[in-house]
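Biologist: I am new to this structure and would like to learn how to read it feature by feature. Could you show me the model, so that we can go through it together?

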Amino acid sequence: MNEKNTAYLKEAYPNVSRHITWFECHDGWFKLLCRLFGALESAVIKAKEPKLYYVEQVKQKFGALRVEMSATHDNDGLPLEGLDTALKQAESDSMSICETCGKPGYIINNHGWIYVSCDEHNNEKG
Ligand SMILES: [Zn+2]
């Protein structure tokens, strides 16, 4: 993810992104990440102990967005409301969004290199 988008995500969603140095995915997923981080941020702000929750890693794995959180449950072992739903939704949405440009895309398996691409960017890579 480029510097401008990285800086935006860190500024706009300071609680959840405070330990993120970089996002290990391309800029086509920027809008998806804005939606996801917005949802995570509002879930975390409502938690009893917001400090427990932050994003540890954002990456692409087997074509889908993967976001690792420091915690998804509170001290009583209960899931933090809204967190899991937002993460699963974003992961599932990512599988049809071109990671390069953000247009509708599909999963491509290029000799074991798996990613999501639109037709245009698949041709560039192939
Ligand atoms: Zn594309």
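Biologist: Which residue stands opposite Asn-110 in S4?

Modeller: Asn-110 stands opposite Trp-113 in S4. Before we go on, please keep in mind that this is a predicted model, in which local features need pLDDT of at least 70 and side-chain atom pairs count only at pLDDT 80 or more, while totals for chains, interfaces and linings use all residues. Residues are numbered from 1 along each chain as its sequence is written.

Biologist: What are the helices and strands here, and how many of each does the chain have?

Modeller: Helices (H or I, at least four residues) and strands (E, at least two) are DSSP runs, numbered from the N terminus. The chain has 5 helices and 4 strands, and from the N terminus on these elements follow the order α-α-α-β-β-α-β-β-α.

Biologist: How do S3 and S4 pair, and over how many bridges?

Modeller: Two strands pair if DSSP finds at least two bridges between them. Here strand S3, residues 106-110, and strand S4, residues 113-117, pair in the antiparallel sense over 5 bridges. Tyr-106 stands opposite Ser-117 in S4, and the two strands form a hairpin with 2 residues between them.

Biologist: Which residue in that turn has a positive phi?

Modeller: His-111 does, with a phi of about 50 degrees, although this residue is not a glycine. For its surroundings we count neighbours: a residue is buried if 20 or more other C-beta atoms lie within 10 Å of its own, exposed if 12 or fewer, and partly exposed in between, with C-beta atoms placed from the backbone. His-111 has 5 other C-beta atoms within 10 Å and is therefore exposed.

Biologist: Which residue in the turn between S1 and S2 has a positive phi?

Modeller: In that hairpin, which has 2 residues between its strands, the residue is Phe-62, placed in the loop between strand S1 (55-61) and strand S2 (64-69). Its phi is near 50 degrees, a positive value in a residue other than glycine. Phe-62 counts as exposed because 10 other C-beta atoms lie within 10 Å. The strands S1 and S2 run antiparallel and are joined by 6 bridges, and the bridge partner of Gln-57 in S2 is Glu-68.

Biologist: At what angle do H3 and H4 pack?

Modeller: Axes are lines fitted to C-alpha atoms, for helices over the stretch in contact, and angles run from 0 to 180 degrees between N-to-C directions. Helix H3 (residues 30-45) and helix H4 (residues 83-94) pack at an angle of about 175 degrees, with their axes 9 Å apart. H3 is therefore roughly antiparallel to H4, where angles under 35 degrees count as roughly parallel, over 145 as roughly antiparallel, 65 to 115 as roughly perpendicular and the rest as oblique.

Biologist: Which residues of H3 and H4 meet?

Modeller: Two residues are in contact if their C-beta atoms, placed from the backbone, lie within 7 Å. Leu-32, Leu-36, Ala-39, Leu-40 and Ala-43 in H3 meet Leu-83, Ala-86, Ala-90, Asp-93 and Ser-94 in H4. By class, this contact of H3 with H4 has 8 nonpolar, 1 polar and 1 charged residues; Ala, Val, Leu, Ile, Met, Phe, Trp, Tyr, Cys and Pro count as nonpolar, Asp, Glu, Lys and Arg as charged, and the others, Gly among them, as polar.

Biologist: What share of the residues in the chain is buried?

Modeller: Buried residues make up 29% of the 126 residues. As for contacts with a separation of 6 or more, residues 24 or more positions apart account for 54% of them.
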